[in-house]
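Please keep the sequence and the model at hand while reading.

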Amino acid sequence: MSGILAQFDTLGATRKAIERLKAEGHSDLDVYSPFPAPELEEALGIVSSPVRRWALIGGMTGFTTAMALTGLTAIAYPLVTQGKPILSWPAYFVIMFEMTILFTGLFGFLGVLHHTRKPGRLAAQYRTDFSVDRFGVYVPSAAGAEQSGVESLVRDAGAVEVEVGV
Amino acid sequence: MNDGDVKYSGNGTTRRDFVKVMGVAGAGAAAAACGPPDTGDKLIPYLIPPDDIVPGTNVSYATLLTGAGPEPLTVHASVRDGRVIKLEGNPSARTGTALSAMAHSALQDLYDPDRVPGPRQRAADALVETTWEDAIAAAGAAVAGGATVLLTPPAIGSAARFYQEWADAVGATWMPWEPLGLEALRTAHGIAFGLDAIPTYEINRSDHILCFGADFLGTWLAPVEMGARFAAGRFADHGVQARFTFVGPRLSLSGLKADEWLPARAGTETLVALAIAREVAARKADGRAARVEGVLAPFTLEAVAESTGVEAGKLADLAEHFAAAQAPIALPPGIAGQGPAATDTHLAVILLNYVAGAIGSTIRFDGETVRPRHVPFAAMADLGRRMSEGEIQTVIVAGVNPAYAMPASLGFAEALANVPNVISLSPHADETAAAADWILPSHHELEAWGDGMISRGYMALAQPAMQPVFDTRQREDILLQVAAVAGAAEAFQATDYRGYLQGVWQDLHGRLGAEAPTFEDWWHRALSEGGIALAVPDLGDPAPALTAAAANYSFRAPAAPEDFSLVTFPTVQFYDGRGANRQWMQEFPDTVTKAVWNAWVEIHPETAGPLGVETGDLVQVTTAGGSVTAPAYVYKGIRPDTLAVPLGQGHTAYGRTAVGRGFNALDLLDGTPDQRSGSLAYSGASATLTATGRRGKLVIMQGHDYDLDREIAELINIHDVPNAMEHEIDLTTLVEAAFDSDPQSPYRWGMSIDLNACTGCGACVTACYSENNLPVVGEDLCGQGREMSWMQIMRYWEETEDGYHAVHLPTLCQQCGDAPCEPVCPVYAAYHTPEGLNGQIYNRCVGTRYCANNCPYKVRRFNWFTYEFPYPLNLQLNPDVTVRSKGVMEKCTFCVQRINKAKLDAKDEGRLVADGEIQTACMQSCPTQAIVFGNLKDPASRVSRKAKGSRGYAMLDELNTRPAITYLKSVTHAALPEGAHGTGGEHEETAEQAPEH
Amino acid sequence: MTLRHRLIAAAVIVTVGLPLVFLGFGGATLDASGQEAAATGTLQEVPVRLDPIKERNPTGQTADEAIAAHEDATEGPEQPIPFNHRFHSQELQMQCEYCHGSSDQTAIAVMPAVDLCMGCHRIVGANLEPIQRLRGFYDSGEPVPWERVYKVPEFVQFPHRAHIRSQVECEECHGKVEEMDRVYQYTSLKMGWCLDCHWDVGEDTDVATDRLLIEQYPPPETPDERQPIGLYPRRLDQQYGANRGPIDCFACHY
Amino acid sequence: MATAEIEVPSEGLPSLADANRDISRPISTPYKRYWLLLGICGALIAAAGIAWTIQIRDGMGRAGINNPVNWGVYIVTFVFWVGIAHSGTLISAVLYLVRSGWRTTINRTAEAMTIFAVMTAGLFPLIHLGRVWYFYYLVPYPSTRLLWPNFRSPLVWDMFAIGTYFTISLVFWYLGLIPDLAVLRDKFTGIKKKLYGAFSLGWTGSVRDWAHYRRLYLYLAGIATPLVLSVHSVVSWDFAMGVVPGWHSTIFAPYFVAGAIFSGIAMVITITIPLRWAFGLDKYITTYHFDNMAKLLLFTSLIVGYAYGMEYFLAWFSADPIEMESFRWRASGFYRGPFWIMVFCNVVVPMSLWFKRTRNSLKALFVISVFVNIGMWYERFVIIVTSLAHEFDPSAWQVYTPSLTELTIMVGSFAWFFFWFLLFAKTLPVISIAEVKEHLAHEHEHGGH
C-alpha cells in the first residue's frame, strides 16, 4: 500500500490539487466530497454518466411491457364494454405512460447501483470527515520516488492533512 | 318458469313421499349463498322416484287462489324439488299469466315464518302445544254443546255446499264474511232491478269511463281483469282512447290515471251522479229518461255544485260529454266511496248508467262476473252483540280475522273473550287466533284442495302444490273430524274433503251427458287445466227494467261533516290487512304515496301548510270512533277538507312482519252501518286534525315528484299521438350497431313499456322479487336508500293546464347498448354480452360501486349487508338465480335465467328462440300487458313493432346510452301547457324539498 | 457485490419475464393443478364416440373384492355404502344412463332412487352386508346420504343437458368411472378448465341450430370499422358460427 | 448550481460541521412529548382498525353511503390524501428543475410527506371495496380464471398511477437520503451505525459516485414532474370519465392538479412550522422559505378559485338544465354548508396572503394553511357527494350523511399519516444535509473573500 491521501477543507484547494496532480500525470485519482461538487467532476474530467442509457432502456421496456400487458390481456379474453374497441389504445395509453415512468426510475436506480458499485464496502482510504466537511484526494500507488513529489504538491495546494502509504 | 305441459298430482302419495326427502335437499339447493341450512356435501336421492318429476326442473301445478284480494285467480304454482317457488297466472285463464302483487305474495304467506306450526291450546294466557287428537276432541265437544257459529270467507262451489251441510249437520250457523264486501252494490241492484247480482263492467268497450270512487285498478271487484279491460279501452295508438273522469274526494290508484278529476266532497258522489243523470236524461229525453224524471228532478247542477264543491260548469261539461258518449259507463263508489249512505250512492250511479243506456251494453248482468254472497257487516256487528250477551257458546273462525277487521269501537275482540269456546282454524297467528282457546291450524291455499266458481260457468279446481310446510290440516278435514266427534259423521259419505270434493264433481260430471269423457279423464283434465267450463244457464234479459222502488227512491242528503271528512281506503299491498304479514308487501312502495312499511294520513298541501305540517310530521286524527297519531303525507290528490288513511296496518298479532307497523284505520270508524245494505261506512266520518309538532318516520321511496322535463316520464295529449315522435327511433341503427350486440348474434333482447297502459299496480315489482331472490331490507334501510328492488315504479307528476296527471314509470335496468356502467368496472364484472345485455357477474364483483355511480337511471342495487331469508322463507328462493351476499352489485338481468333456458330448449330443437317464448317475470305478470319483451333484431317481433310506434322514446335519450327499453308515452285527454312536459312552475320549489326525504 | 448482481438479475427477469408471461397467457397451465393437466391430457386422447360396451373388458372382479376395493381405495370420499362403480359398469357392463338417467333433462346430478337399487338388490347380493344396510335404508324410508364428489360452486349454473346434447362424453369430465373402485373428483372444475373446452370444441359437433343461424345471420361484409380486430372478436363470434360452448360470462354466472 | 440568488444572511452562517450537528440533533436527543404523540396516533389507528374490521364483518352498510351516493367519506379522504401527496414531489422535482434553491430546506420533509400521504391514500380504495378480500381481482396476474383486469377502467389506471407515483417518490427520496445516511453512519456507533451503514449502501461521497448520483437525480426530477401531473389527472378522471352531472367535465384534470398542489403546499406549511419550532431549525428554514411557499399557496388558491367559478360558468354556458340544476343545488341545497365552507377556506382566507405581513407571520401562515387543509377536504366532499346525490333521475335523489365508522376511519387515516411522519422525523434528517452543505460551502467561498 503506497497511496497518498490528502485532505482539504475548501473546494478551491481541492480543485487546484486535482488539476496539478492530473498535470503530473496522475489520472486515477479518488476524490471524496461531502456534497455534490460539479467543479471537482470537471477537474476530474467526468463529462457524462452511463446512467442515461439505463434510464432509456428502462423507459422503453416499461412502454413495451405495458403495451403487451394491456393489449394481449384484452385479446386473451375479449370482453366488450360500452361498445369500446377490444384494443382501446387511448385508454391503455395511461397504463403505458405510468409504466414507462416506473421502469425509467427503477432502471436508473439499478444503473446507479451498478456504476457506483453499491452496495459495497467502504474503501480503505475513506475517512469519516469526508461526510462532515473535508474533501479527500487519494493518489493510489505512488511509487517511492514520486511519493515525496506528490506529497509536497498536495501540501502546496493547501492540504490540511496528508497521509502517506495508505 | 313453466316447463312445458302442466302436471297434475296423480295420487298425492308419490309427491308426498318424495317431498319428505327433497324438502330438505331443496332447501339447501336454494339457500346456496345465503346462509340457511345447506345439505353441504350430501347428495340426497329420492326414496321412490315420482312419476311426474325430474329433479332440478320446474313443474307447474294449476291451482286456485281465492284469498289474494278481491278477485279469485287461477294460477300455476311453479314447483321445484317439492317447493313452490313462483306463482304465475294460468295462461288459459281470461286474465292470462297476469297476477296481482298480492297474489305473488301468497308465497310469502305460505312460507310465513310465523305461521302456526301445529295445534295450540290456551293455557292461562299463553297458547301451548297440543296434539291434534286433543284439539279435535275439544272442538268436537264444544260444537256438540250447540249455539255454534262458523265464520269463513265467502265461497261458491263445493266449499259453500260443504260449510252449509256441516252447519246443518252439527246444528251451527254458517256466516261467510268478507270485510271489504259488495253488499251495498248487491242491495242497490236489488232495489233497482230486483236482481241479486254483481254485473260485469265492460270498460274495455267504453269510450267514457266515469268513476265515482271505485279503485277498480287496485282493490275493487277484479283489479287484474279490470286492468286488462282498462288497457284495452285506453289503447291510444290510433289516436282515440276512452275518456276517464274520476269523481271523489281522493285520487286513488285508479284516479291517478284519470284525464280529469272532479273532487267532490266525501259522500256527495251521490249528488254528482244524480245531477249528471238528470242532465243526461234531459238530453236523451227517451223512455228511460222519462222513467226517472221524478226521482232526479230535485238535483239541479246549481244545487249539487253548491253542496259538492264542484263547479257547475265542470259538471255540465261532464254531463254533456257523458251523454254524447257512444258507450258510456259509470263505475260505483267502491270501498273508499262507501259512506253511511252507500246504497244511495250505488243506486244513483245505477240510475246514471240506466239513463245513459249503459245497462245492458257496457254493464251486463249476463257477463262473466260472479261473486259469492256473504253476510253484511251489520250481521257481524250483531254477532258481536250476541257474543257479548253470552248467546254464543262456540265460535269457529276459519280464514277470516274479525278481531282485526271489525272496528275496535264495536268491541268485537272483547265480545270474543266472552265466548266459552273460540276455535281458530287460521293458518296464521292473527288477532283472532291470538284470542282463541284452541288453534287448529289449517293448510295454506297452496297446500290444500278446493274449488270455486271464479267466473260464470267456469269451475276452478285447487290442488295441493306442495307438501305442507307445517303440521297443519285441510280446513274442511278438520271440520269433518270435529263433526265426527260431535256425532255428525253420518251426515257425510266422504271421510276427507278430497273425497267430498270429488263427490261434488261426480255430480257435475253427471250433468255433462252421454258424450262426456270418463270421470277420471275429466277430473284429471280439470286438475291439469285448473278448472272446467260448465254450461251456463240462460240469464234472461241483459238490460232489465227499472223497478218502481228505484223510480221513486228517496235519496237522503249526505250530512256535511263539521271539520274534515275521513276516507279510509284499502291498498294494493295490504287490502283488508291480510297482506301485512308479507315482507314483499310491507316493502312494496304504496302505489300512490310510495311509502313503505307504514301507514300514513294524507293531507292536502293547503291544509298542511297553515298547520306547518310536512310529509313525515306526526299529526293526530280524532273521530267519534277513536284517535290515532301518525305521520302525515302531503298529497295534492285529495280535497283540502278531506283526510285519507290506508287500511291494513296496525296489527297486534299476525307475525313479526305485521305487528306494530303504522295504525289500524278501522280504529277511526265508529262502525255505523249503511241502513239499507248493512255495509260498513268506510268514508264520510267527520274528523278533526291536530299537528303534534313532532317529527315521525315515513319512508318514501320517491325522491322527487317531478321529472323536471328531463325526458324521463313523458305525457302527451291524445291529439298529438300521431306526431308524438320527437325523432325516429331507428331500430336498424339501434340493434345493428355492433356495440349493441354481436353482429352475428341473432338476438338483441329488448323491451317496450307502454306508460299509457301501465296502471302502477306493482304486480311486476313483486313478480321480480319472487323470481330473482330479491332480499327485503326493512324500513330503516329503505329510508337510507338501500332498497333492493330491481324494478321500481316511479310516480311522476306531469302538469296539465287545469291540474296534474300522474305517469307511472316502471324503472329497471335499461340494458343500454352504450352502457356507462360497463367500462368503469375494473374487473369486467359489468360487461356487454353478445346478445346486448349488460352482464353483471356477481361472483366477479369486488364492490367498487363505480357502476352504480355511473348509471344515469340509478337501477343498480348494492348488497350493503348479507340479508337473511328466515326459514321457511328460504324455501321460496329460485335455484336458477344466485343468492347474492354482502359487497356485491346486482341489477335487473332481463331474467337471463329464463333467456338461457329458452335458448337451450331452442338449441335442442335446432331452431331459434321464438317471439314470445321468453317472458320476463315482470312482463308475465302485467295485467295490462304494458311490458313487452323480445328480440329487437327480429323486425317482426312484438317488441320491435311496439318500439317503432309513434309514442316510443328512450329514457334520458340525450345521453345516447341507447337503452334496450323503449317507453311509450302516456296519453291524456287533458290539455297540456305549451311545450312543457309537466315541470310547470313547480321546478324551483319542489327541487328544494327533494333532499329532505 | 453479490447483492448488486442479484438486483440486476431481478431487473432482467422483470423486463424479459413479464412480456413472456403475458404471451403465455394460455393461463390455466401456468398455475393449474396437476389434475387439470391430467384432465386436458385425457381430453385429446378421448375419441369422439365410443361404444361403451366394447370399451369395457371385465377383469373378473368379484363382489367381495369390489367391496373391499372400495373400502381400501384412497382417493375420493368413502360412501355410506361401499358402492363400486368399476364393478357395476365394467364387470356387470351397466350403462351410466341406467342409474344416472335424466341428466340430459336437468341441471343437477341425478342420483338413482333407492328404489332403483332395490330393483336388483332385493335378490342380487341380498346376503351381502352392505346390501343389507341398503335394504335397511329402504325399509326405514330413509334415503341414502351419498357423499358428494363433484360440487360446482353456487354461482355457476351448470346444465348437464347442454353438454350431453353437445355430445360431451361423461368421462371427459368424470373420468373413466368404470375403472374407479371409489369415485373421486377427476377434474378441477376450475373456470380455466371449463374454458379449455368452451374455446376449442371440435367441428364435428355442429348441429342444426348453428347452420340455421348462419343462413339467417351471415357475417357482415364490412366489419365495423370502429375497431381494429372486430368488436366481438373471433371467439365470441364463433359461439354462433359453430357449436362452441359459449365463453360469454352470462352463460354460466347469473 | 446557480445559487447566487439565495439570500441567507452571511452573519452567523453555520459551518458544514454545524449543519451535520444541528440537523441530526433530533435523532439523538430524546423528547417526552414525541412518545406521547406517537402513542396517541397508535391509539387512533387501532380504533380505525377495529372500525374497519367491523365493516368487513358486517358489510359496507356500516358506512353511511347509499344508492345514489355510492362513494362517500372514503373516496373523499382518498382524494384528499392523494392531493397532499402532490406538493412533496412537486417541490422537489419541479423546483429542482427550475433551480429554485429555496427548495433545499423543505424538500426532504415534503418528499417524506408525499410517501406517507400515498401510503395513507392507498388504504382507502381497499377500505371502500365491498369485497376487499377479492381485491386481487384488480391485479393483473395469470389465473385459473383466465381473466384479466379491465384496463379501460379509470380505477385500474388509478392503481397503476398511484403505484408508480409511490415507487418513484420512494426512489427519489431514498436517493436523496443516501449521502445523509452516510453522515449518520459516520456520526453514530454500534447498532445505529450498522443500520444507517446498511441503508447508506457504503456511500463514500466519491466524486465519481456523485456524478452518477446527480445524473439520476436529474432524471428522476425530470420524470417525476409529468408523473405528478399525470397522477392527479388520473384521479380526476375517476370522476370526469363518469356521466354524473358535476363530474363529467374536461377541466377536471388541471383543476384537480392545481387543487392538489394547493393542498400539498398547505400541508407542508402546516407540518414544517411546528417541526422547525420543535427541532430548532430556524437557521435553516427561514421566513424566506415560508414567504415563497405562501406565494405559491396564494397562486394556487387563485387557480382553484378560478376553477370553482369556471365550473359554474360552464354549467351555465352548456345550457344543460340537468347540469345547471346540479350546480344550483350544490350551492343552495342540502349541502350548501360544505360548499360555502369550501369557498371560504380555499378562496377567501388565502387572499390575506397578498400582504407581506401575513406571509411573514408564521402564526398567521399556520392558521391559514390549516384552513386550506380543511377547505380542500370539503372541496372533494362537495365534488363527490353533492354530484351523486342530485343526479339525472329526480326520483332517485337521496342525501347521505357519514356514519361513525367512516369518520373513525378518516380520523385514523390522519393518525396513520402522522405516525409515519413522526417516525421519520425522529430517525432521519428532516433537511437534506448534503444540499445544505452545498449551499453553505458556496456561501463561505463567496462570503469568505
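The points below are grouped by topic, after a short note on conventions.

This is a predicted model, in which local features need pLDDT of at least 70, side-chain atom pairs count only at pLDDT 80 or more, and totals for chains, interfaces and linings use all residues. Residues are numbered from 1 along each chain as its sequence is written, chains are lettered from A and ligands numbered from 1 in the order in which they are written, and side-chain values use heavy atoms, with hydrogens and water left out.

Helices (H or I, at least four residues) and strands (E, at least two) are DSSP runs, numbered from the N terminus. Buried denotes under 20% relative accessible area, exposed over 50%, and partly exposed the range in between (1.4 Å probe, protein chains only).

**Backbone geometry**

- Most residues other than glycine have a negative phi, and most peptide bonds are trans.
- A cis peptide bond links A:Lys118 to A:Pro119, with omega near -10°; A:Pro119 belongs to the loop between helix H4 (89-115) and strand E3 (135-139) of chain A.
- In chain B, the bond between B:Tyr871 and B:Pro872 is also cis, with omega about 0°. B:Pro872 sits in the loop between strand E35 (861-862) and strand E36 (889-890).
- B:Lys594, which is not a glycine, has a positive phi of about 65°. This lysine is located in the loop between helix H21 (583-586) and strand E22 (595-596) of chain B, and B:Lys594 is buried at 4% relative accessibility.
- B:Asn960, likewise a residue other than glycine, has a positive phi near 50°. The loop between strand E38 (952-953) and strand E39 (965-968) of chain B contains B:Asn960, which is partly exposed at 44% relative accessibility.

**Enclosed strands of chain B**

- Strand E30 (residues 749-754) of chain B is largely enclosed by the rest of the structure, because six of its six residues are buried.
- From E30(B), B:Trp749, B:Met751 and B:Ile753 point one way, while B:Gly750, B:Ser752 and B:Asp754 point the other way; all are buried.
- Two strands pair if DSSP finds at least two bridges between them. E30(B) pairs with strand E37 (residues 931-935) of chain B in the antiparallel sense over five bridges, and B:Trp749 has B:Asn935 as its bridge partner in E37(B).
- E30(B) is also joined to E39(B) by four bridges, and these two strands run parallel. In E39(B), B:Leu968 stands opposite B:Asp754.
- Strand E26 (residues 642-646) of chain B has five of its five residues buried, so E26(B) is largely enclosed by the rest of the structure.
- On one side of E26(B) are B:Thr642, B:Ala644 and B:Pro646, and on the other are B:Leu643 and B:Val645; both faces are covered.
- Strand E21 (residues 564-569) of chain B runs parallel to E26(B), with five bridges between them; B:Ser565 stands opposite B:Thr642.

**Cysteines**

- A disulfide is a covalent bond between the sulfur atoms of two cysteines. It is identified here as a pair of cysteine sulfur atoms within 2.5 Å.
- Zero disulfides are found over all chains in a search of the whole structure.
- For B:Cys211, the closest cysteine sulfur is that of B:Cys761 at 16 Å, too far for a bond. B:Cys211 is buried, with a relative accessible area of 0%.
- For C:Cys117, the closest cysteine sulfur belongs to C:Cys99 at 6.9 Å, which is too far for a bond. C:Cys117 is buried at 18% relative accessibility.
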